Amino acid sequence: MRVALKECEWEATGEDLLVVFDAREAITLSDPEGQVAALLSELRRAPQTAAELSVALGRHGFSLSEEDVTGGLSGLDSLGLIEDADGRTLGDPDEDERHFSNLSFYGTYASLDRRRAAFLRPLREAHVLVLGVGGGGSSLVQCLAGLGVGEMTLVDQDRVEPRNFARQFLYRHADIGLSKAERAAAWVRDYDPGIKVHPVDRWVSAPEDLADLVQGVDLIAGGLDGHPHANLWANEAAVRAGIPYVLGGANRSQLMYLSVDPGRTACLACDYADRPAEDTSEGIAYRIVENMKLSNPLTGPMAMQVGSLLAFEAQRYLTGYEPPRAAGFRVTLDMREGLVPEWQPLPKNPECQICRLAPPREGDRR
Ligand SMILES: [Zn+2]
């Protein structure tokens with residue numbers, strides 16, 4: 001394997017070498033003889049194999065066997081400083097250019113064992129079901145398309161209206177009166193003809209309305225308005241099929257999102273089961289909130305924030321570059337506090353009838 005050095009800088013200070021990859025931290029390595037600095041310099045010159053590095057270091061006056069070099073490389077790998085040189089691209093110059101920033105992002109997480117391209121490939125093969133392409137959903141679609149999701153089904157039953165323009169930037173003036181699902185799909189096709197997109201102009205008024213849509217899907221994202229239980233139906237469809245579900249929304253002063261990793265973390269129904277009794281004042285408040293009619297006060301910056309948080313969580317599920325952050329938590333961002341996030345744990349309810357429907361998944365103990 002040819003080993004490549006990631007973009008980093010270093011400086012010798014006495015017997016130590018200070019290496020910076022992320023500007024937030026410096027790594028201190030003991031390097032009294034300068035071998036590590038020589039190894040880094042060689043790697044910066046060109047990607048090389050351990051055998052080639054052993055020869056090259058000889059020219060710097062260091063007699064190191066291939067095994068010695070391999071040991072040194074595994075140290076650098078554990079610090080996240082090197083990667084497999086051949087895994088830095090997708091192998092097609094046009095695709096590499098299109099995904100330039102995506103590949104660069106995964107460069108931080110790549111190693112000798114995990115190539116940048118290996119993070120991107122599952123996204124390009126993923127099919128995401130987007131529920132609602134309105135406020136949060138329209139920027140969610142844009143973020144997913146940018147990340148390189150290969151296939152999307154977009155569900156919405158609304159028409160484009162002038163009042164949407166404050167926050168739904170997928171749509172243009174000429175789209176007014178037309179199906180949002182259709183126009184959002186048209187945007188995706190124009191943006192990247194390589195993405196498969198299926199518009200579904202449908203009103204979800206019963207759990208069955210989702211049954212055919214979850215087939216072959218890798219992740220469900222978004223939030224349905226209309227019926228107050230629509231998100232619970234989506235939750236049930238997701239858990240039953242073992243598909244991660246990422247949802248979010250807003251009230252007057254908070255943005256909120258969470259994700260459900262079926263069978264592993266709490267689902268939306270676990271949360272509902274935990275609600276205060278109907279006849280307490282807290283219970284009554286819940287009921288009022290649930291049935292409250294609210295002229296949607298979400299502006300562009302807020303709606304984009306929700307869409308972007310959902311896309312970010314979706315990216316974690318689909319690439320595994322880090323574990324999902326909002327699984328088992330309700331994350332709220334308080335607009336009165338400058339969007340400081342608060343992580344409220346959502347415990348899994350052992351009595352939950354919906355969680356029980358989750359199919360067994362690889363690596364889980366039942
Ligand atoms: Zn549950």
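Which residues lie nearest the centre of the second largest pocket? They are Glu 7, Glu 83, Arg 88, Ser 104 and Arg 116. The structure is a predicted model, and its domain assignment gives domain 1 (3-86) and domain 2 (125-357). The model also holds a zinc ion, whose protein donors are Cys 267, Cys 270, Cys 352 and Cys 355.

**Domains**

- The domain assignment places residues 3-86 in domain 1 and residues 125-357 in domain 2.
- The C-alpha centres of domain 1 and domain 2 are 45 Å apart.

**Second largest pocket**

- The volume of the second largest pocket is about 390 Å³.
- Its lining is made up of 15 residues.
- Helix α5 (residues 100-107) supplies the largest share of this lining, with five residues.
- By residue type, the lining of the second largest pocket comprises six charged, five nonpolar and four polar residues.

**Zinc site**

- The site is tetrahedral, with angles of 96 to 120 degrees among the four donor atoms.
- Ideal angles for four tetrahedral donors at a metal are 109.5 degrees.

- Met 256 is located in strand β11 (residues 254-260).
- With a relative accessibility of 19%, Met 256 falls under the 20% limit and so counts as buried.
- Met 256 and Glu 342 are 86 residues apart along the chain, and their C-alpha atoms are separated by 9.5 Å.
- Leu 339 is found in the loop between β12 (329-334) and β13.
- The phi angle of Leu 339 is near 70 degrees, a positive value in a residue other than glycine.
- Most residues other than glycine have a negative phi.

Conventions: Residues are numbered from 1 along each chain as its sequence is written. This is a predicted model: local features need pLDDT of at least 70, side-chain atom pairs count only at pLDDT 80 or more; totals for chains, interfaces and linings use all residues. Side-chain values use heavy atoms; hydrogens and water are left out. On a 1 Å grid over the protein atoms alone, a cavity is a set of points where a 1.4 Å probe fits but cannot get out, and a pocket is an open set with protein on both sides within 12 Å along at least five of seven lines; lining residues have an atom within 4 Å of a point. Grid points are joined across faces, edges and corners, and a volume is the space filled by probe spheres set on the points. Helices (H or I, at least four residues) and strands (E, at least two) are DSSP runs, numbered from the N terminus. Ala, Val, Leu, Ile, Met, Phe, Trp, Tyr, Cys and Pro count as nonpolar, Asp, Glu, Lys and Arg as charged, and the others, Gly among them, as polar. Donors are N, O and S atoms within 2.8 Å of the metal (3.2 Å for Na, K and Ca); water is not among the atoms, so sites may look incomplete. Four donors count as tetrahedral if all angles lie between 85 and 135 degrees; four count as square planar and six as octahedral if opposite donors are over 155 degrees apart and all others between 65 and 115; anything else is irregular. Domain bounds come from an automatic or database domain assignment. Buried means under 20% relative accessible area, exposed over 50%, partly exposed in between (1.4 Å probe, protein chains only).
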